[in-house]
Amino acid sequence: MTTAVPPAVAGLLPTANPVGLIAPDGTRTGCDDPSLPDVDILRELYRGMVVGRRLDAQCTALTKQGRLAVYPSSRGQEACEVGAVLALRDQDWLFPTYRDSVAVLQRGVDPVEALSLLRGDWHCGYDPYRHRVAPQCTPLATNALHAVGLACAAVLKGEDTVALVLLGDGATSEGDTSEALNVAGVRRAPVVFLVQNNGYAISVPLAKQTAAPALAYRGVGYGLPSVLVDGNDAAAVHAVVRAAVDRAATGGGPTLIEALTYRVEPHTNADDAGRYRDEAEVAYWLQRDPIVRLGAYLRTTGALDPAAQAAIEAEAEAAAADLRARTAEDAPLDVDDLFAFVYADAPPTLLAQRALLHAELADGEAGG
Amino acid sequence: MTGVLERRAEGSAGPTPPVTMAGALNAALADSLAADDRVVVFGEDVGVLGGVFRVTDGLARRFGENRVFDTPLAESAIVGTAIGMAMNGLVPVVEMQFDAFAYPAFEQVVSHLAKMRNRTRGSVQLPIVIRIPYGGGIGGVEHHSDSSEAYYTATPGLRVVTPGTPADAYRLLRQAISCPDPVVFLEPKRRYWAKETTSLSVDGPGIDRAVIRRSGRDVTLITYGGTVATALDTAEAAGGEGWDVEVVDLRSLAPFDDATVTESVRRTGRAVVVHEAPSFGGYGAEVVARLTEQCFHHLEAPILRVAGFDIPYPPPKLEQHHLPSVDRILDAIARLQWDDRPEVGRA
């Protein structure tokens, strides 16, 4: 039986099954649309995921040593984190959330600067303009509107810039997601919305988040072409994000992509996932691991020999060791920073409060 | 600096006609759009219609839809996209249609607009102006008359300003658009049609300064926005009762111009703070606290507040009981313990 779908809607609907290029067992699927990325890109995806996962594990370890206040891991979601970022061009922008540290690092941000927030040193430790990475956003879905605005400004200025915003499944319930999809559609903004559906918003499963058949269907109502992709298949994520970036850059407007993936770790190190999900579910997803499957494909096709594999793993260990070493000591902090950036020029009230703090600190030193 | 009125005057030999506050705001937007290609104006109904109060009248036609445009009806989106545009080098001037309709944008204002500069150690500046028609006195039904200033003044990182006169509306809006900080620009909607014969100029007191609108020796009325005219009327009436009243128009609610206001209060020794918003936890409480901390030994009486009642904004047929009136302010002045100094004021 066929279902009659108006042509205008048919072009917007996601496929019934997620787009996948490499199966969980590392074999090539039958899908040729989109086509498989070049082998150089596949190797780069693999390298990025291995290094990203090692740094992610290092961050979780740093919480246990008290070097980080908290860390929301993206372990298991590396195909999205790395695949999407590698699909961006230098002139494009990334709008990440707090869970997207691996994506931020993949974009080139220094890990120590990226961890400033979680070390408790400052809110955003990197200059967003340097790598075109917005501050990691904590209030859910608010960054989607920033991405749309930045993209609209690019169009007004005649620049070829695409904004990629990362969202989670929980964030799609926030009003700002709807407003962002709507405005992007109306203005044909060069934006790519990537929803990493990792199954949970802290403890709440997707079934309690939405009655939609898939989050990707949210795009249709706003006139956005929508894509459902296997979020643990880095090749597929890269291919669909790249296609969406190309479309946005050539005036085709925004795309909504839902990537099906899984948050292997708890929400953060402070969470207890055992209270809301069972081990069998985690085990199922571990069988679909993004790194294992791409590694298997590359080895089978002769694109990754043991020496190359070892070199990537050594690079990951070196990156983790460097991060350990550089976060072993507390960074020097300047209390003047508390007052320096609130306004372009600190008003007299803030200068007086800064002087008060200086006096308190001087008294403390004199008294000590 | 050339305002719309002055340009109109260039075409005619006659005197400058009076300008309304809405007209002055319109001129400020037009002149900012003309002076700086980065400026964009957007919001609900601001394009073809020219805004429900006509403050953006004619701007879309003159500057085109890439500079002045309508948005979907979504206030969080208006502010959120303005943030993204400012990150990419534009200077957005956005309109919230009414005070109470700005609340959906509150998260974007408080969590991002106010904090982005600080969050990024000054790297990302957001020179955005949010224009909000605010306050009552226009016979508006529910949700059209809120005085929402304290929500914004309680948020570090925002500048909050409000004009009391047409000339100042032009000046302050030009200054706000030029300011590198985000500015919440509160427009007292019941003064939109108030007229003033004036030439429009950006020169004058800066964006962070209060001004003395009327000099006096006996008592300082401290107010802003929609009640500046009420305070000036009160000062006139008070003259007949023997009080020489000074009126301070704060203009900048945040940051607060301590220097100008404390100088006045130290001189007069008495003060009344006047605003429409409810008294409890209202902006006036901050003013009284600051002045008490800084002027205590100069005060002849406790500083009083004349504010709205601590009630949701009333329906139109009852709002006159809620709004500060000349009589209510005069009554407050009368309660400033004059009997301790019988040589001043009435016995």
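Predicted model: local features only at pLDDT ≥ 70, side-chain atom pairs only at ≥ 80, totals over all residues.
B:Asp99 lies in the loop between strand E4 (91-95) and helix H5 (106-113) of chain B and B:Lys189 in the loop between E7 and strand E8 (195-196) of chain B, so the pair ties together parts that are 90 residues apart in sequence. Helices (H or I, at least four residues) and strands (E, at least two) are DSSP runs, numbered from the N terminus. B:Asp99 is buried at 0% relative accessibility, and B:Lys189 is buried at 1%, where buried means under 20% relative accessible area, exposed over 50%, and partly exposed in between (1.4 Å probe, protein chains only).

Residues are numbered from 1 along each chain as its sequence is written, while chains are lettered from A and ligands numbered from 1 in the order in which they are written. Local features need pLDDT of at least 70, side-chain atom pairs count only at pLDDT 80 or more, totals for chains, interfaces and linings use all residues, and side-chain values use heavy atoms, with hydrogens and water left out.

Over all chains, the structure holds 39 salt bridges. In another of these, B:Glu187 meets B:Arg131 at 2.5 Å from N to O. B:Glu187 belongs to strand E7 of chain B and B:Arg131 to strand E5 of chain B, so the pair ties together parts 56 residues apart in sequence. B:Glu187 is buried at 0% relative accessibility, and B:Arg131 is buried at 1%.

The domain assignment, which is automatic or from a database, divides chain B into domain 1 (2-196) and domain 2 (211-340). The C-alpha centres of the two domains of chain B lie 27 Å apart. Contact, defined as heavy atoms within 4.5 Å, involves 30 residues of domain 1 and 23 residues of domain 2 of chain B. The area buried between these domains is about 1,900 Å², of which carbon and sulfur atoms give 53%; buried area is the accessible area (1.4 Å probe) that two parts lose on being put together, summed over both. In domain 1 of chain B, the residues that lose the most area to domain 2 are B:Glu149, B:Thr162 and B:Arg190, together 25% of what that side buries.

Between the two domains of chain B there are 3 salt bridges and 11 residue pairs in polar contact (both at pLDDT 80 or more). A polar contact is a pair of N or O atoms within 3.5 Å; within protein, one must be able to donate a hydrogen and the other to accept it, and residues adjacent in sequence count only if both atoms are side-chain atoms. On the side of domain 1 of chain B that touches domain 2, helix H7 (149-153), strand E6 (159-161), helix H8 (166-178) and strand E7 (183-188) each give two or more residues. H8(B) provides the largest share of that side, 4 residues.

B:Asp168 forms salt bridges with B:Arg251, at 2.6 Å between the closest N and O atoms, and with B:Arg213, at 3.1 Å. B:Arg213 in strand E9 (residues 211-214) and B:Asp168 in helix H8 of chain B are 45 residues apart. B:Asp168 is buried at 0% relative accessible area, whereas B:Arg213 is partly exposed at 30%. A network of salt bridges links B:Asp168, B:Arg171, B:Arg213, B:Asp249 and B:Arg251.

The contact between the chains takes 40 residues from chain A and 41 residues from chain B. Chain A and chain B bury about 3,300 Å² between them, 59% of it on carbon and sulfur atoms. A:His146, A:Phe341 and A:Tyr343 lose the most area on the chain A side, together 19% of what that side buries. Across this interface there is 1 salt bridge. A:Asp337 forms a salt bridge with B:Arg121, the closest N and O atoms being 3.4 Å apart.

Notes: Salt bridge = Lys/Arg side-chain N within 4 Å of Asp/Glu carboxyl O.
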